[in-house]
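Me: I have a structure open and would like to go through a few spots in it. Can we start with contacts and then move on to the pocket?

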Amino acid sequence: MKSLIVYSTQTGNTKKLADTVYEQIKGEKEIRSVESAPDPAGYDFLAVGFWVKAGKPDPETMNYIPRITSGKKIFFFATHGASTDSDHVKEAIEYAKNLAPSADILGTFNCLGEVDPAFVKRMSEKEQQPVWLHNAPNAVGHPDSTDLKNLINILSSFKFSL
Ligand SMILES: Cc1cc2nc3c(=O)[nH]c(=O)nc-3n(C[C@H](O)[C@H](O)[C@H](O)COP(=O)(O)O)c2cc1C
C-alpha cells in the first residue's frame, strides 16, 4: 500500500497533524504540502489535512480533493478556530467529504488550531464578526499533545494496515 499525506497550512497547525499522521503510517509513504502535491492516482491511501477558512476547507485543499477518485481510501484531518463539535466544523468536514463522493472515506479527525493573533485582532475590530471568532481564545496552544494523542488513537483504530 502506498500512502500520501497532503496538508495545507498557513501558520503550521495543520502541519503538526500531518507530521503525526506521517509518523504513524507504515509502509511506503510520502508527505507533501498541497501546493506541491502529486497526482493522487499513484497512491492507495490519502490523508488530506486542511484548515477551515470561511466555514469550508481552505481553497487549495478544495481544489485538490476532487482529484481523488474511486478506489482510493481517504482520511481527512482538519484544524479550526470554531469549537470542535460545532455545526460550523461539521459542515466544513462534510463539505470536504462531498468533494470526493466516489472515494472510500475511512475516517476524519479535527481539533482546534490557534488562530493567527493579527487576524483575530483585525476581525474583532469589525462590526460583523465571523460566527466562530468568540471561540478563538480557546484555540490558543492547539494542537497540543492531547490533540496529537487523540489523532494517534483514531489512526490506530483503523482495521487496515497503516
Ligand atoms: C483568513 C482566516 C479565515 C479563517 N476562517 C475560519 C473559519 O471559517 N472557521 C474556523 O473555525 N476557523 C477559521 N480560521 C482559523 C483557522 O482555521 C485555524 O487557526 C487553523 O488552525 C489554521 O491552520 P494552519 O495553522 O494550518 O494554517 C480562519 C483563520 C484565518 C487566518
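Me: Leaving aside neighbours within four places in sequence, which residues is Val120 in contact with?

Reply: This is a predicted model. In it, Val120 is in contact with Val115, Leu133 and Ala136, once its neighbours within four places in sequence are left aside.

Me: How far apart are the C-alpha atoms of Val120 and Ala136?

Reply: They are separated by 7.4 Å, and the two residues are 16 residues apart along the chain.

Me: Where is Val120 found?

Reply: Val120 is in helix H4, which covers residues 117-124.

Me: And does Val120 count as buried or partly exposed?

Reply: Partly exposed, because its relative accessibility is 21% and buried means under 20%.

Me: Switching to the pocket. What volume does the largest pocket have?

Reply: About 440 Å³. The lining has 21 residues, and those nearest the centre of the pocket are Gln10, Trp51, Val52, Val115 and Phe119.

Me: Which elements give two or more residues to that lining?

Reply: Helix H1 (13-24), strand E3 (45-53) and strand E5 (73-80) do. E3 has the largest share, with 3 residues.

Me: How do the lining residues divide into nonpolar, polar and charged?

Reply: There are 8 nonpolar, 10 polar and 3 charged residues in the lining of the largest pocket.

Me: Now the ligand. Which residues come nearest?

Reply: Thr9, Gln10, Thr11, Thr14 and Thr79, out of 22 residues around the ligand.

Me: What about backbone atoms: how far is Asn13 from a ligand oxygen?

Reply: A backbone N or O atom of Asn13 lies 2.8 Å from an oxygen atom of the ligand. For Gly55, a polar backbone atom is 2.8 Å from a ligand oxygen. The corresponding distance for a polar backbone atom of Glu114 is 3.1 Å.

Me: One more residue. Where is the place of Ser70?

Reply: Ser70 is in the loop between helix H2 (59-64) and E5.

Me: Which residues is Ser70 in contact with, leaving aside neighbours within four places in sequence?

Reply: Ser102 and Ala103.

Me: Is Ser70 exposed or partly exposed?

Reply: Partly exposed, because its relative accessible area is 48% and exposed means over 50%.

How values were computed. Residues are numbered from 1 along each chain as its sequence is written. This is a predicted model: local features need pLDDT of at least 70, side-chain atom pairs count only at pLDDT 80 or more; totals for chains, interfaces and linings use all residues. Side-chain values use heavy atoms; hydrogens and water are left out. Helices (H or I, at least four residues) and strands (E, at least two) are DSSP runs, numbered from the N terminus. Buried means under 20% relative accessible area, exposed over 50%, partly exposed in between (1.4 Å probe, protein chains only). Contact means heavy atoms within 4.5 Å. On a 1 Å grid over the protein atoms alone, a cavity is a set of points where a 1.4 Å probe fits but cannot get out, and a pocket is an open set with protein on both sides within 12 Å along at least five of seven lines; lining residues have an atom within 4 Å of a point. Grid points are joined across faces, edges and corners, and a volume is the space filled by probe spheres set on the points. Ala, Val, Leu, Ile, Met, Phe, Trp, Tyr, Cys and Pro count as nonpolar, Asp, Glu, Lys and Arg as charged, and the others, Gly among them, as polar. A residue is near a molecule or strand if one of its heavy atoms lies within 4 Å of it. A polar contact is a pair of N or O atoms within 3.5 Å; within protein, one must be able to donate a hydrogen and the other to accept it, and residues adjacent in sequence count only if both atoms are side-chain atoms.
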